[in-house]
Each structure stands twice: as C-alpha cells, then as structure tokens.
Amino acid sequence: MSPFGAGTGPGPRLVTVGVGTCAGVTAEEVLGLVDDVLRAAGPAAGEAAALATVQARAEEPGLLLAARKLGLPLIAYDARTLARVRVPHPSDFSRTAVGTPSVAEAAALLASGGGSGTTVQGGAPVLLVPKTRARPAAGAPVRATAAVAAIAVPGREL
C-alpha cells in the first residue's frame, strides 16, 4: 500500500503520527503506541507517511529506532512552531518539559500539512486520533503519547 493513504478510495491522502516522548523511551513503547493509534484511525486512514515530534526529543534513541523499524522519516519541529498550533488537549507537563503545550497533536497536524505551506487544492489537516497515552507495564510511568492526523480531502470521508 502507498504511504499516502488509500489512494483512489475513501480516506485521507497524507497520514502522519505525532509522537511525544520522555527521555529514555524505548522503541518497543513507541512501536506499540504507533500501532495502537493507527489501528484506532481505522483502515480508511491507510498507512503513515511519517512520524513527527519536537526537536528536543528528536535524538531519543528509542524514537529513532522506532522510526527506522517502521521505515518512516522522523520530522522534528521546534517548540515555538508547535506551540502556535491549536490543539484540543494541551498539556502543562509538555509545556514544562519541552516548551510547548502539545507535541503529539501539534506535530501530527503540522506534518500533515498544517505547517507554513499554502494549500492550493485539497483540504486542511484534521486529527483522526487525539493524543493517546502509551500503556506501560504495571507500575511504569507513561513515557510516550501519540496522535494521528491527515489532510481532509473534500469529497472523501475520513
């Protein structure tokens, strides 16, 4: 399947997964969470074209290894750019840790076309799956969040 969604059938054209992490996150945590959020997005979403995160976490070994295992590029945005994106679930924890109230949702939206580019034809990026927390082993802290966004194309259902 093409990384740009379902092609000629219903569904978005560009699906991206925003990932917020804490230091020390493992590739397994990220891979499990990405699988969960893509499954929640449904089959019409197609496959992810990229992972996206905040620059402050872009060198996390677990995140880099997860992107490599998925065969996806990892796009990083500075905290100021992410902070300008309006999201439904901002976080004080994220604001304190990396300087933006959202990583997962904001990065997913930006990577799906919500950046500084101009839309000539098509639609606007929308969240398919809001910020979702990883499900760590019993007693372990949550070290990752993820969200899925895609470009909504007029005349196509998400």
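In what order do the elements of the protein chain run from the N terminus on? They run β-α-β-α-β-α-α-α-β-β.

The model is predicted, so local features need pLDDT of at least 70, side-chain atom pairs count only at pLDDT 80 or more, and totals for chains, interfaces and linings use all residues. Residues are numbered from 1 along each chain as its sequence is written, and side-chain values use heavy atoms, with hydrogens and water left out.

**View 1. Overview of the protein chain.** The secondary structure comes to 5 helices and 5 strands. Both are DSSP runs numbered from the N terminus: helices are H or I with at least four residues, strands are E with at least two. Of the 158 residues, 44% are buried (under 20% relative accessible area, 1.4 Å probe, protein chains only). Among contacts (heavy atoms within 4.5 Å) with a separation of 6 or more, 66% link residues 24 or more positions apart.

**View 2. The open sheet.** 5 strands line up in the order S3-S2-S1-S5-S4, with mixed pairing. Two strands pair if DSSP finds at least two bridges between them. Strand S3 (74-77) and strand S4 (125-133) are the edges; each has a single partner strand, so one side of each lacks a neighbour in the sheet. On average, neighbouring strands are turned by 25° against each other, direction ignored.

**View 3. Strand S1 beside strand S2.** S1 (residues 15-21) and S2 run parallel, joined by 3 bridges. Thr16 has Ala50 in S2 as its bridge partner.

**View 4. Surroundings of Thr53.** Thr53 lies in strand S2 (residues 50-54). Its relative accessibility is 0%, so Thr53 counts as buried. Leaving aside residues up to four places away in sequence, Thr53 touches Val19, Ala58, Leu63, Leu74, Ile75, Ala76, Tyr77, Leu82, Val103 and Ala107.

**View 5. Helix H1 against helix H2.** The axes of H1 (residues 27-41) and H2 (residues 61-70) come within 7 Å and cross at roughly 50°. Axes are lines fitted to C-alpha atoms, for helices over the stretch in contact; angles run from 0 to 180 degrees between N-to-C directions.

**View 6. Residues between H1 and H2.** Ala27, Glu28, Val30, Leu31 and Val34 in H1 meet Gly62, Leu63, Leu65, Ala66, Lys69 and Leu70 in H2. By class, this contact has 8 nonpolar, 1 polar and 2 charged residues. Ala, Val, Leu, Ile, Met, Phe, Trp, Tyr, Cys and Pro count as nonpolar, Asp, Glu, Lys and Arg as charged, and the others, Gly among them, as polar.

Conventions. Buried < 20%, exposed > 50% of the residue type's maximum accessible area, 1.4 Å probe, protein only.
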